[in-house]
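Me: Could you take a close look at one helix in this model for me, and then walk outward from there to the rest of the fold? I'd enjoy a connected tour.

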Amino acid sequence: MNSTPDRIAVKCGAQHLTYRQLDQQADLIAGYLEHNDVPRNAIVAVAMERTVQLMAVCLGIMKHGCAYLPIDIDNPEHRIKNILDNAGVECIFSDAESFPRQGFCAMTVNPHTIFSQAYPRKNISGPRPSTCAYCIYTSGSTGAPKGVLISHGALLNHTHWFIEAFAVNEADIILQRTSIAFDASVWELWTGLAAGACTVMLPAAYAKHPLGILLTLQREHITIAQFVPTLLRELVRLRQFEHIPCRLVFCGGESLTWELADLFLAKTRTPLVNLYGPTETTIDATFWRVNPDADRALPAPIGQPIRGMQVYLLDEQGKPVALPHQEGEIVIAGPGVAIGYVNSPHENELRFTSLNLDGHALRTYKTGDIGFFSTTGDLHYLGRRDSQYKINGHRVELLAIEEIVQQTPGVHSAAAYIDTLVSAEKQICVAFVPQGDTDTHAVEQRIRQALSLQLPSYMHPSRIQALSELPLLPNGKINHNTLRELAFQPDTGPTEIDAQTSTAVQLQSIWTEVLNQQTISSDSHFFERGATSLSVMMLLGRIANLFNVYLSPKDIFDHPVLAQQVTLLGEGASHGAENAMLLDAYAWRRRVGEQTPGLAQLEILDKPAQTPAYLENVVLAFYIKGTCSAIRVREAFATVLAQQPALRCSFTLNTHGQWRRTQHVIDDFPLPFHVINLEPQNQSDDTVTDLVVQASLTAFDLSSPPLIRATYIQCPEANDVLIITAHHIAFDGWSGAVLMDQLCAHYQAPMGSVAPEQIVHCLSYSDYTDAQHQRFTEKLLDKHLDFWRQALEHLPEPFALRGAGQRPDAFTFRSAVIPLNLDAQYAAIERLCNRSGFSLYTIILSAFLVALARNTDTEDLYVRSPVANRIDAALESVVGYFVHPMVIRPKLSHWSPSLHLLEQINHCVLDAYGHALLPPHLFEANCSPRSSAYGSRFPYWYNHHNYPSRQRQLGDAPLRGIGVPSTGIKTDVSLNTVRTDSGLIGSLSYYRDGISQVNAQALLADFHQALDQLLTIA
C-alpha cells in the first residue's frame, strides 16, 4: 500500500476506494472501536450491503485486533439473533435498512456515520498470529449454528500460499462474488489486497444472474474468479463464456464432475483449479489443477494439500489408511486448522482432536468427509459420513432441519433427506408422521413457517410429505431409499374415493394419470399434490374428452379439490356420448363440402406480402450422441408423416379466391428426407450451424406438400446431426415434442399412433379446425369476441422502450437475441408457486410486466402471449397449429413487485385464458390498425413453452439440442422461456432496427431484478 497508495484497491459498481482511502476508512473503524472500549479479541458483527465500505469495515475490525463476524442480512431474524447471542458480539456494524435495530444485546452502528468523524488510534500495534481474524457460522450437528474461529496466522498461511502458487500480482483484478457469510469470500476479499491487486465486488443485482456475472467479467477485465460448480455450469452454457478474460478460474464448495470440466475446457483455454476445504481449515486444504488427461475412471481429484497443510485418511478405528484407493475419513492438520468453535466445547472435543504419528501429536480437524488417495497421490472425495451435504455450494445439515420439524406441533416423527432429480440437481425433502388425526395440511404449513423463521432459505425443503409411518431398515434406522420411492405416493388421507358416482371414479383415474400418484382421495388438492400449469392443461383436455365438458383453467384454480371438481362437472358430464368436437366437425363438413383451412391458418395465409416467408419455419436440430442408423430414422420419419395428416396438406386458392386445404396421402410426394455425408475436414460446429441456418432460411411452397422436411448429416468422425424443419401453419411448439416423441418411439419399433390414457374419442387436427369453424358460424364464440372487445377497449398505441431511437418506416423483421438462464432461480420460483398457488407463467409474466413498467413511459401495459389450445386430451398427440393468442392487460397504476400484484395479474391471466379461442385476425380486429413501422399491434410478447420436456434418444443414442440461430422477429420484444431437465432457460429476442442492445440489456436486467424481488415476498 505504501508504494502505490493511489491505486484502486476495491470497486463495486460505480464506487471505488484507493489503497489510501481504504486504509483511512479502516483506521476510522479501528479508532471507533478503541474509542468505545471494545476489547481486542472481541467479536464484531458486520451486517452490511455489498459496497466498498464492507471491506473497509472488516479491515478496520481486524486492525483493532477483533474478529469480524459476517452476517447474511437476508437470513431470518431468528437465526441472526441466535448467531449474535451465541457469539457474544460487542458491536454490530450495519448499513442495511432491512436489518433489525432492536432486540440485540450489542449496539448497532451505521459505519457511514463514522467515516465523517475523527477517531484517532492510540494503539496501532497489529494483531498477533494467534489472534482471531474472523468468525464464520456454519450449520451444526445439533441443529444450532456453529461459529468457526480462524486466526490471523491461518489466514496468512493461506494468503501466502495462494499468492505464490498462482503468481498473484498488482496486474490482477479479482472478482469478489461470494457472500461474506461464507468462507469462500475470505480469499476473494484479502488475497488481492495482500498482493497489491484490485478487488471487484460483484454488485448485489448481478450476484444471481449468470449473464450479469459474465458482463462484469468482461467489463472489469477480471483475471481471477471462483464459482461453485452449479453456477459454473450455468455460466459455461452461455455463449459469452467463450470470451471471458480470466487467466484463472477456481471452483469449489461442491464436487466437480468430469462432465463440467469438459464443458469448461471446451469453451475456454483458461486453467481451472478445483479447491477443497471445510470452513474449519481456513477456506482451502487441498487443490488440483484440472488435467483432462487424468484417470476418468475415478472422480475428479481434489488434489494435494496447500502449503503447510497435511491430509490424512483414518479408518473406523482412527488409524491411518496406508494403501491407495482405500477409503477413510479425511482428517486435516496444519496451520490452517481453526482455533475452534465459539462456545461449543462438546463440538470442539468431537471435531478437533490429536493424531499421534511416530510419537508426535498433531492437532487435526475431522471433516466427516470420506475420500481415498489414488496411485498418483491425489486425494479424491467420495461423500459424507454424517448428515451434512453441499447443495448449490451451501453446507446443509439435515439434522438441523429434522430437529426443527420434530419440534413442530402436530409432528410425531420426521426425517430429512436428499433426493436427486433427473437433472442431477439435489433437493432437500422432509417426510413426517402426524400425531393422531391432526390436519396434515395445517401441520405442513406450520413446518414451513418454522423452517423459514429459523433457517436460511438454502436449507428450506423443496418437498414436504406426510406418511403414516417412516420406513425403517432391519437395524431400526430410517430407510432413505424407500422414502425417495414414496416421494410421489402420499399416504395422508383416505386411499379410496367414495364411489358414489361414476364421475368421481373416472375423475380420480384422470388425476392418478396426470399427477402420477396412486393415492387420490375426495379431499385431495390438485396443486398441493404437485400440479403445474401443464398438469392443468392435461386435466382440462381429459375432462373434455371423457365428459364432453369444456372447463377453463380458472375453474380448476377455483375448484382445486377433487370433490369440488366432481360437483362442478355435475349433471353436465355426458358419459359415453358422441364427442362434441366430432359432432361440430361433421356439421361443418356437411355445410361446406370441401376442406377449409383452420381459422388460425387463415391468419398465416393472409400475411402481408412483405413478411419474409421463412419466418414461418420451425426448426428442430439435434446432435445424435452415439451410434444411429440413418435408414431407420428415415423409416421412422415416414411413419410419423403417415400418421400426422396436418403435415401432408397443401393450400391453394379456389376459383372464388378462397383458401382451400387439400390433404394428401404419403405416396403423392417424394419423402423429404435427405442424407448428407460430411467429409472429416468439414465436421465442425460452424458447418452444422451453417446447415441449420440454411434450413431456417429455406421457405416452403404451401401449394406443394408436405409441410415438413428432414436432413440427416452423417459425420463419421463426430456426432451425426438431425435437422427437421416444418411450416408453422401445421406445426407449433407442442407439435415439436409430439413429433420427436413419436419419431424416437418408431425408431425403436414401428407402432400405431400413441394417445394418452383415459382417451375415449380420437381426434385429428382437421376435426379441431372444422369444429372451430362450425362454432364460430353458430356464434358460440361470441362470448370470446365480447370479452376481448371489452378487454382491448381504448388500447394505447404501441409504446416504445425509453431511450429507443428512430425506427424505420417499414418493419424490417431483423432480430438479435440475448440468452436467458433461470436455473439458479428455478427452485425459488417453484417454492413461490407452491406457496402462493400461482403458476410459473404468472410469476415470469409479472416480472416481465414490472420490467416494462420501469423501461417505458406508460402504465397501461399489455403483453401478447400464445395459448396451446389443445382443449381435448385426444389432441395431445396430434401435430398441428393449435396456438391462439391472448393479451394480458391488467390496467394497473402501480407496478411494485408484491403478492397483491401477483394476485391481480393471475386474475387477468385466468380470465384471458378462459377466452383464448379466437384466431389472431379476429382477435386483433378489436384494436386500431397496426402501423407499418411495427411487426405486430402488440409489440411485447411472452411465450412460455409449456409442453412436455424430456430427454429423448434414438435407440441408445441420446439427442442433444442444437441452438437454432434467430433469423428474424415478428414483433419488438419477445421473452421466451422453456422448462428443461435442469430448470428454466430462454431468451430475449428483440427488433434490432428499433431497439438498441443497451435498451434490451437494461430491460433484461430489470426483469431479473423484478423476479428476485417477487421471489422474496412472503
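Reply: Happy to! Let's begin with helix H7, where Pro210, Leu211, Gly212, Ile213, Leu214, Thr216 and Leu217 are buried. Please keep in mind that this is a predicted model. H7 spans residues 210–219 and is mostly covered, with 7 of its 10 residues buried. What do those buried residues pack against? Their neighbours are strand E9 (173–176), strand E11 (224–227), helix H8 (229–237), strand E33 (815–821) and helix H29 (997–1015). After the helix comes His221, which has a positive phi, near 55°.

The largest of them holds 100 residues, and Phe227, Leu232, Ile844, Phe848 and Phe1007 have the most contacts inside it. Helix H26 (residues 840–855) gives this core its largest share, 12 residues.

Across the whole structure, a search finds 30 aromatic pairs. One of them joins Trp187 and Phe250 edge-to-face, at 5.4 Å centre to centre and with 65° between the planes. This pair links distant parts of the chain, since Trp187 belongs to helix H6 (residues 184–195) and Phe250 to strand E12 (residues 248–251), 63 residues apart. Both Trp187 and Phe250 are buried. They also belong to one aromatic cluster, together with Trp161, Phe162, Phe166 and Phe287. Elsewhere, arginines sit over rings: Arg709 lies over the face of Phe700, 4.2 Å from the ring centre, and Arg807 lies over the face of Tyr934, at 3.9 Å from the ring centre.

Next, a sheet. Here 6 strands form an open sheet with mixed pairing, in the order E30-E31-E32-E27-E38-E37. Strand E30 (673–677) and strand E37 (953–954) stand at the edges and have a single partner strand each, so one side of each is left without a neighbour in the sheet. Further in, strand E27 (residues 617–624) pairs with strand E38 (residues 957–961) in the antiparallel sense over 3 bridges, and Ile624 stands opposite Leu959 in E38. Helix H20 (residues 630–643) packs on this sheet, where H20 touches E30, strand E31 (708–714), strand E32 (720–727) and E37; the direction of H20 makes about 170° with that of E31. Helix H22 (residues 733–748) lies across E27, E31, E32, E37 and E38, and runs at about 135° to E32.

Let's finish with a single proline. Pro920 has its place in helix H28 (residues 920–923). Is Pro920 buried or exposed? Pro920 has a relative accessible area of 1%, so it counts as buried, the cut-off being under 20%. Not counting residues up to four places away in sequence, Pro920 touches Ala600, Glu603, Arg864 and Pro885. Val883 is 37 residues from Pro920 in sequence, and their C-alpha atoms are 9.4 Å apart in space.

Notes. Residues numbered from 1 in each chain as written. Predicted model: local features only at pLDDT ≥ 70, side-chain atom pairs only at ≥ 80, totals over all residues. Heavy atoms only, no water. Core = buried A, V, L, I, M, F, W, Y, C linked by side-chain atoms within 4.5 Å. Buried < 20%, exposed > 50% of the residue type's maximum accessible area, 1.4 Å probe, protein only. Helix = DSSP H or I, 4+ residues; strand = E, 2+ residues; numbered from the N terminus. Phe/Tyr/Trp six-rings, centres within 6.5 Å; stacked < 30°, edge-to-face > 60°. Lys NZ or Arg CZ within 6 Å of the ring centre and 35° of its normal. Pairing = 2+ DSSP bridges. Contact = heavy atoms within 4.5 Å. Axes fitted to C-alpha atoms, helices over the stretch in contact; angles between N-to-C directions.
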